[in-house]
Amino acid sequence: MRLKNNKSSSKSAEIRKKNLLALLQKHGLHIYEDLDKGKFPQFIIPSRSVSNIVYDKKLRQYVLGTGSVVRSSRNMSQLRSYTQLAWLAFFVNRLVQEGKSSTLRDIYYSSQAFSIDFEDQPESDNIIVDLEAVTASPREDFHIFPEERSSVFGDLVIEYTVPGYEGKRVNLSDHPDGYLIGPSLSSAELVDTSAELVIAIEKGGLFTRFVEENVHKKFKAIIVDTAGQAPRSTRSLLRRLNKEMGLPVVILADGDVYGEHIAMVIKSGSANAAHLRELTVPDAKWLGVWATDIEKYKLPTIPMTESDIKRIYDLQKDPRYQEGNWKKQLEVFLKIKRKAELEAFSKYGLTNITDKYLPAKLEESKSL
Amino acid sequence: MSSNKETFSQISPSEFFYRNRDLAGFSNPTRSLYTSVREFVENALDACDQKKILPDIHLSIKAVDPEQADPKHYILTVKDNGPGIESKHIPHAFGTVLYGSKFGLKQARGMFGLGATMAILYGQITTNKPVTVRSCSDGKTLDEFVMLLDIQKNKPVILKHNTKEAAKTGLTVSIVLEGDYSKAGSKIRDYVSQTSLITPYASITFEEPNGEKFHYPRIVKDMPPPPTIIKPHPHGVDVETLRRMITDTHYQIPTVDDRMIEKIKKELGVQKKKLGAKDILDRAQKKWSDLSRPVRTIIAVMAFLDIDFDGLQKIRIDDIDVANKKVTYWDFGKAQSHAVELDTENPYYKQLANTVQGDTLLTFLTRRFQRVGPTTAEKFCEFAKFKPEKRIGSMTNEELVRLADALQKFDDFLAPDPSCLAPLGEEPLSKGIMKFFNPEFAAVIQRSASAYSGFPFIVEMGIAYGGDIPPSGLKVYRFANRIPLLYDEGSDVVLKIVNETDWSRYKIKGDPPLVIVSHICSTRIPYKTVGKENVADRPELERELKNALQFLARKLAVHMSRQGAADMAKKRANLYSKYVPLIAQFATELSGKKKEPNYKQLIRMGSEIEEQQV
């Protein structure tokens, strides 16, 4: 059994919650004092404009530069969005204190009870990102979750912190369909595990196959279904499994340019989330399906579309694709102009992927 | 007569219109219903205008059988409080085509009064039902006629005529026609409401087939001054008009018939007596200055032929050729033509020459055209290379063409006289716009008169913004001679000017609640098409429209900036009183305080800050 390897980070979820609440209160106090003194309060928000997004080689992720914008209640055209941001801070404070969770859509509707009028959900979504930037915390810390959910399965004991379940523990291998990576799981403490590896897989179908084929036992693995591009709560869990439990993370995605990028985002984040840290797994490894695997394993393929090819050209401009295997695979994709899905291995039998491909790639990855 | 010759016989005007009804706007049941409404309403308004009567117009359209589907038969009735038409004129006015009182040169809605007869004709063709006319012209008796048109003979057929007592003058015309109200309805409603806008001194009621009633009350009690009939401007006549002016009744060779002989006897005061040739001439000599032109002409001929009234009855004057000094006549008794040399020494020669050859060019120009004095006329003669004393009756075809051409090209004529125009006037227009749109801002302008090709015109324009006007973008209401123009908006000169305007320069953005009312008055509106729905872009007209629009747009811009500043301050105040208390509420809970901060001063400051510099 592997216990948490870092004593100081025990109860990490609890600590993050306290830090956030303190930060929100600090902002509240600033505003309060400004109002009292007859000063127009303002927020300073790190700028998310394209020119302020840079790639940090040391952190191995996109980060925001030093640019920032002022949102002032003195400016009439900003007054409304300033108030929206103040309201969100206030509302998140309530959510976190009361241990309630909500969705992006909930936020849009909740605002109406306070005569804060968002024109549409994109406007409220945008204010949420503003608050993420101001507090440098992901929205999952605010107890705000997107609709999409992914799952996890494997021998991992967690301890809930959500109201009504405080202190309750479960083992994530108890239910064969896996556990939803939702608010309660995201805020739970990770207690211990016997696993030695985390396999993130792009598709729900293969996730189920892996459970059926006892991959978690054969490879001592925790299996995570990213359900396409991994949501932030999933990326956050992967990072915690890596940092707190010391487990290496490997990624299996479709053999196309999107699959390659799913792996990249888990490893080093997305430009969209450049204002956030702590969402990346810099040491994560992309197992496949590589462009070169398509040939090597003689996988059935389908031709790329126009947009697939355009996406390759786009990614070739990204600084993270300038060297090594990442660069090489893009080039091969562009050359063969064909792609293969994970399911393609079924041509050689349903268990071919778990029996043959996975062990081979794990072995290969050791040298990466 | 053989039937071959029939092919070349004339057709009556009624028959011509019957065969070409598409030209006059009667192409289908929808358009025909709309055109008929227009013709009757415009006739009614014109009649009231002419007699300075504040118009009271009632329009009703009823389905003969409401259950039937469109197109179907409708009864169209238009009633006015105008002067009415004298009983004896009614059959001709409504039962013949090309009978009208509008042949003068002045501004009127319709040109010749053709349209109403066309509508009657159309009704008769489509339903075979007669027209009913009720008229009272003396305030005492009302004549009711029920008539059909004899299309071949261009003559009315009176089916019924009766009279009864009446208290007020007025005219009611009612026809049955095939129409399609489901399609024409919206245009007719637009037409009536826009007519009320440009005729604010009229009261108009309109009853639709479904029984719904619209009432447009009179907004102003004063009528604009009526236009006067004036002589043509030299720039506005062509060869044909010129020929007609020269050969009109004054200069024609009189027809000798019993009526004419009676007329001569009456003017000489010799009805009872039988006089010889010499006695007649003596008598005429004494009364010469009182005699009418035709009588003078005939007496001069009698002097040359040396005949009395009995002799006169036996001849027909065929030609008086002053240039070759010859009179040609037909002798009924001998059934042959005779020519007589004219003795230039004879005192009657000069009279004959004057009468037959007409005025000198100089007199013709000064008498028959507007704003041409002797000095201008002389200058023109020099320009056109005609002798001023040249008799216009002696001009050859080539000379006439040369004269018409010179009249067009001579630049020193004064601008056309606008007294024949009847603009609405700034005040009635402004009141009409205020009542019609209930705007937050309105301005009007009447430009001074201008002219194109010898036709005077005046542009009147109004602009209205905000208030009850929906914010659905700029809308243009076009009028010409107080008629709403509803079709073919796209190609109209007014639209062109409005669209060329950069409205952002006048602080107008997006889909503004903005209305422009344009009224062009002219003796001849330069319509682009026969349909008379869009005005062509004559440069003179374009310039006037542009000036009017710019003047109004500048006024609007001043209003907008004033309004803008006031709106902004109000908006600021509203925003800060809404949002600051909310911010305070959130901050209080966030910071964990019990009492809310004192934010009152911030609301005040917020509404007072000037717009921040960008």
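**Exercise 1.** In this predicted model, determine in which hand helix 3 of chain B passes helix 6 of chain B, and classify the angle between their axes.

*Solution.*
1. The crossing of helix 3 of chain B past helix 6 of chain B is right-handed.
2. The axes of helix 3 (residues 29-50) and helix 6 (residues 181-198) of chain B come within 8 Å, with a crossing angle of roughly 25 degrees.
3. Angles under 35 degrees count as roughly parallel, so helix 3 of chain B is roughly parallel to helix 6 of chain B.
4. From helix 3 of chain B, the residues in contact include B:L33, B:V37 and B:V41; those they meet in helix 6 of chain B include B:A184, B:I188 and B:Y191.
5. By class, this contact of helix 3 with helix 6 of chain B has eight nonpolar, two polar and three charged residues.

**Exercise 2.** Find how many residues of strand 14 of chain B are buried, and which strands pair with strand 14 of chain B.

*Solution.*
1. Strand 14 (residues 455-465) of chain B has 11 of its 11 residues buried.
2. Both of its faces are covered: one side includes B:F455 and B:M461, the other includes B:P456 and B:E460.
3. Strand 12 (residues 441-446) of chain B pairs with strand 14 of chain B in the antiparallel sense over six bridges, with B:A442 opposite B:A464.
4. Strand 13 (residues 450-452) of chain B also pairs antiparallel with strand 14 of chain B, over three bridges. In their hairpin, B:S453 takes a positive phi near 40 degrees.
5. Strand 17 (residues 514-522) of chain B is joined antiparallel to strand 14 of chain B by nine bridges, and B:L514 stands opposite B:Y465.

How values were computed. Residues numbered from 1 in each chain as written. Chains lettered and ligands numbered in written order. Predicted model: local features only at pLDDT ≥ 70, side-chain atom pairs only at ≥ 80, totals over all residues. Axes fitted to C-alpha atoms, helices over the stretch in contact; angles between N-to-C directions. Helix = DSSP H or I, 4+ residues; strand = E, 2+ residues; numbered from the N terminus. Parallel < 35°, antiparallel > 145°, perpendicular 65-115°, else oblique. Left-handed = near helix turned anticlockwise from the far one by under 90°. Contact = placed C-beta atoms within 7 Å. Nonpolar A, V, L, I, M, F, W, Y, C, P; charged D, E, K, R; others polar. Buried ≥ 20, exposed ≤ 12 C-beta atoms within 10 Å, placed from the backbone. Pairing = 2+ DSSP bridges.
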